[in-house]
Amino acid sequence: MATTNEYTPSTTTGRLANFVDSRVGASGMVKEFGRKIFPDHWSFMFGEVALYTFVLLLLSGTFLTFFFDPSMTHITYNGSYVPLKGIGMSAAMASTMDISFDVRGGLFMRQVHHWSALLFVASLSVHMLRVFFTGAFRRPRELNWVVGGVLLIMGLAAGFTGYSLPDDLLSGNGLRIIDGVMKALPIVGTYLSMFFFGGEFPGVHVIPRLYSLHIMIVPAVIILLLVIHLFMVVTHKHTQYPGPGRTNDNVVGFPVGPVYAAKAGGFFFIVFGIVAFISGLFQINPIWNYGPYDPSPVSAGTQPDWYIGFVDGALRLMPGYLGNFSFEWIIPFPWGDNTLVLSVLLPALVPAGVLFMVMFAWPWIERWVTKDNREHHLLDRPRNAPFRTAMGAAGVVFYCVMWAAASSDLIATHFHVALNDVTYWLRILFFLGPIFAFWITRRICLSLQRKDREIVLHGREAGIIQMSPEGGFSEKHEEVDVYKRFLLTSYNDNKYIPAQPDAAGHVSGSEKRRAALSKFFFEDRVAPVTPSELEAAHAAHGHHEVEGEKQDSIEK
Amino acid sequence: MGDHSHGSPEESGTVAKADDVAQDRFPDPGLPPHRPRLADRDPRAAKRHERQVALLFTISIIGTLFFFVAYFVLGRLGEMTFAELRVQNAALGLGTAFAMLGIGVGIVHWAKTLMPDHELVEQRHEISSEKDRQDAVDIIDTVIEETGIKRRPLIRNTLIGAIALAPIPAIFMFRDLDRTGKTAHQMIEQMRHTLWDTGVRLTRDPSGTPIKASDVQLGSAFHVIPEGLENAENMLNEKAKAVVLLMRMDPQEMNISEGREDWHVDGIVAYSKICTHVGCPIALYEQHTHHLLCPCHQSTFDLANECKVIFGPAGHALPQLPITVDADGYLVAQSDFHEPVGPSYWERG
């Protein structure tokens, strides 16, 4: 395009930028992102931690692929770790030993990879909890919530496929459990197991298969979802916490260039540094202690990586028998008996299934119950959504009971209690824990809201005792400043909405159920203080209790 | 408000609303006034922060150099003891940690103390305007119209059929993931069988030495594999099915069911070591209570009651291996297991 007044750069940067821009059109990008505003809050870091640990996983994982041999060929170990010299093992295990002992820094990279993986899933989980408890999943971000949930599942898949690769005793037992769970699936289970292992367990095929899943398919899906996730974050612009000057229509924060980019970029190095510190000083997965996989031995206190723990714990909690009733059902068919292994199927599929189903569906459940289909860019303080916070706490407790159950044997040995008692208690908590968590959390939230009302209405205790001319004592209260007062009174206050008739005047069954849920969630609520209430409070208490010189509290 | 005959219950006044007085809310006072930092007012403080950032970057440089020391000086490839390896690993980690933390903390410190800390305000925009949406719908309608797919159901239906069928071969391609080359029926039959057979000697795991009945004392337990296991094709597959626990307890204390009276030798009994829950090896035998405990999910089996489940998630008893003694006094199997070992599956019956 010939232009009459072409831009003439005068500096080196300008000339370089001009060169690039006139060929790829980068100025649009710079204009869009260079000063884009990002809100700042410590709780927004968890997603960043997930992103950065994923980058670390790619870096350290690529290094490991250069040395790892994903083969189950049986060989005799002849590396420099003396206690295992001459022992037969798979090539996968032997090359993992070589990475640890005969590649300088190899052990360090293995540990970076493993610790990053643990942190990756942990930060994903905490990030999702942050999003849930602040209501950031509401319109327009429901789909991004779902993408995030799938990312979490893919994180578990990545962790699981990688965990098994060294083919050591511990991970081999993990695969054995997977084999048992697969075989419990009705009709297709036995076939799935045969296809997965290439025949009977353990076979000689499963490690290379897990390897291609682990280094290609799963990371590719994660990267794809990550791009979609971040693209949607840019489209929606980031949510922000409520407060003075922050509305549903604006974004208050720091520009990408330079402040946000510096903070976020610097944070990558901090995450890297912390992971390196942990990996240098804290040993993880010492396969040389476990030895190669052998179907016969197993060590007591075996545990999966933490993120698989909740499924393993559910497996432990399930009783195989209730009295004389076995959860393995033998079903007589005309062609013979078949076995429905409910003792494995129920715990392996149902709790995790319920957890993820409710999690994925929650934005729509909440929208249905509250009839709130507005766009929300302002977050909720968790106390201001007692129903949601309580549901989240119930979910967390449900998860944590199963997670604790995965360590039932260690709980028993560390605290010197009977293993069976630990299991019985956890079985009770599995059902009652979430209910108590819901109830207690909601009460705490409502109390905190009442506390907020109290602060707005009566101010904050100044710690100054005054004596009135009549001789009475009272404590001076200072009125909160106008910014704090706005924060404490400007929340989204959900109310019980009774069942409403549709256009034909009929109240449908689903509407009645919605109303029942709405009543359950919102019957108890604490409304924000209104100006007239505050005025009434001032009038009732007189000026000696609520001191607030106008020029102090309302400065513009 | 207050008009009860119109609108939804929400707006009719039937629902208590504390803030029913329209918009009885405190006004937004706007952003709080900006407080300048020390470095914004005092050039000496700014200079101090500048030196701190530079110091942090210098720490990073030292960390990187330390990494090289750890890599070359502490590590002698292939001739390190385990303790030396640990020291090197810790040093590599610390070097990297300081190299990275120096950069990271330095940059964040720089951003927080020296870069502007004024929060800026940007307006949000509609994700997509009503007009754009309408235009998009029109374009899609036009595209669909021009293909004529609505007017020509024959094309549409055959296309749906073709697309539905085309991916199915890709699923069947995975049939040979099972590398045994056997039919499903043969495989399920194979799962029912182990290396144990009439006259196969019980040998110690892993040495493979045979066991005499007289070696097995009351209360003792042996980890057992079948003789000849090391020469078997697919040794690990066979071992995963054939491992056995051999224990001896007083026959008077055992409840023996009908048909199993001669499966033991003077109280020496053999049970499959593979847990019937999800297949972990049951490694723990407690001789006082004669219980077997699986370390993975704590299924507990009672040896006195033919290894029936007394606690935990397992759904059926451990299979028993019928044993006897041969002419030389060695323990041998009478036959294979009478039921499949290991976790349950659909075809187990």
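Begin by selecting chain A and considering its contacts (two residues are in contact if their C-beta atoms, placed from the backbone, lie within 7 Å). Of the contacts in chain A with a separation of 6 or more, 73% are between residues 24 or more positions apart. The model is predicted, and local features need pLDDT of at least 70, side-chain atom pairs count only at pLDDT 80 or more, and totals for chains, interfaces and linings use all residues. Residues are numbered from 1 along each chain as its sequence is written, while chains are lettered from A and ligands numbered from 1 in the order in which they are written.

**Chain A as a whole**

Keep chain A selected and colour it by secondary structure. Chain A has 20 helices and 11 strands; helices (H or I, at least four residues) and strands (E, at least two) are DSSP runs, numbered from the N terminus. The C-alpha trace of chain A spans about 95 × 85 × 60 Å along its principal axes. Of its 556 residues, 43% count as buried. A residue is buried if 20 or more other C-beta atoms lie within 10 Å of its own, exposed if 12 or fewer, and partly exposed in between, with C-beta atoms placed from the backbone.

**Backbone details in chain A**

Most residues other than glycine have a negative phi, and most peptide bonds are trans. Select F201(A) and P202(A): the peptide bond between them is cis, with omega near -10°. P202(A) belongs to the loop between α8 (189-197) and α9 (206-236) of chain A. Next select G257(A) and P258(A), which are also joined by a cis peptide bond, with omega about -5°. P258(A), however, is found in helix α10 (residues 256-281) of chain A.

Now move to D167(A), in the loop between α6 (142-163) and α7 (169-184) of chain A. Its phi is positive, near 60°, in a residue other than glycine. Is D167(A) buried or exposed? D167(A) counts as buried because it has 26 C-beta neighbours inside 10 Å.

**Chain B and its domains**

Select chain B, which is divided into domain 1 (38-113), domain 2 (131-166) and domain 3 (194-348); these bounds come from an automatic or database domain assignment. The centres of domain 1 and domain 2 of chain B, taken over C-alpha atoms, are 60 Å apart.

An unreviewed UniProt entry places the feature "transmembrane region" at residues 53-74, 90-111 and 154-174 of chain B. UniProt positions are given in the numbering used here, feature names are shortened, and annotations may be inferred rather than shown by experiment. Residues 53-74 of chain B are 95% helix and 0% strand, with end C-alpha atoms 30 Å apart. Residues 154-174 of chain B are 81% helix and 0% strand, and their end C-alpha atoms are 33 Å apart.

**The annotated Rieske span**

Select residues 263-332 of chain B, which the unreviewed UniProt entry annotates as "domain: Rieske". This span is 0% helix and 36% strand, and its end C-alpha atoms lie 11 Å apart.

Then display strands β6 to β9 of chain B: an open sheet of 4 strands has the order β6-β7-β8-β9, with antiparallel pairing. Two strands pair if DSSP finds at least two bridges between them. The edge strands, each pairing on one side only, are β6 (284-286) and β9 (308-311) of chain B. Strand β8 (residues 300-302) of chain B is joined to β9(B) by 3 bridges, and F301(B) stands opposite V309(B) in β9(B).

Finish at Q298(B), in the loop between β7 (291-293) and β8 of chain B. The phi of Q298(B) is positive, near 65°, and Q298(B) is buried, with 23 other C-beta atoms within 10 Å.
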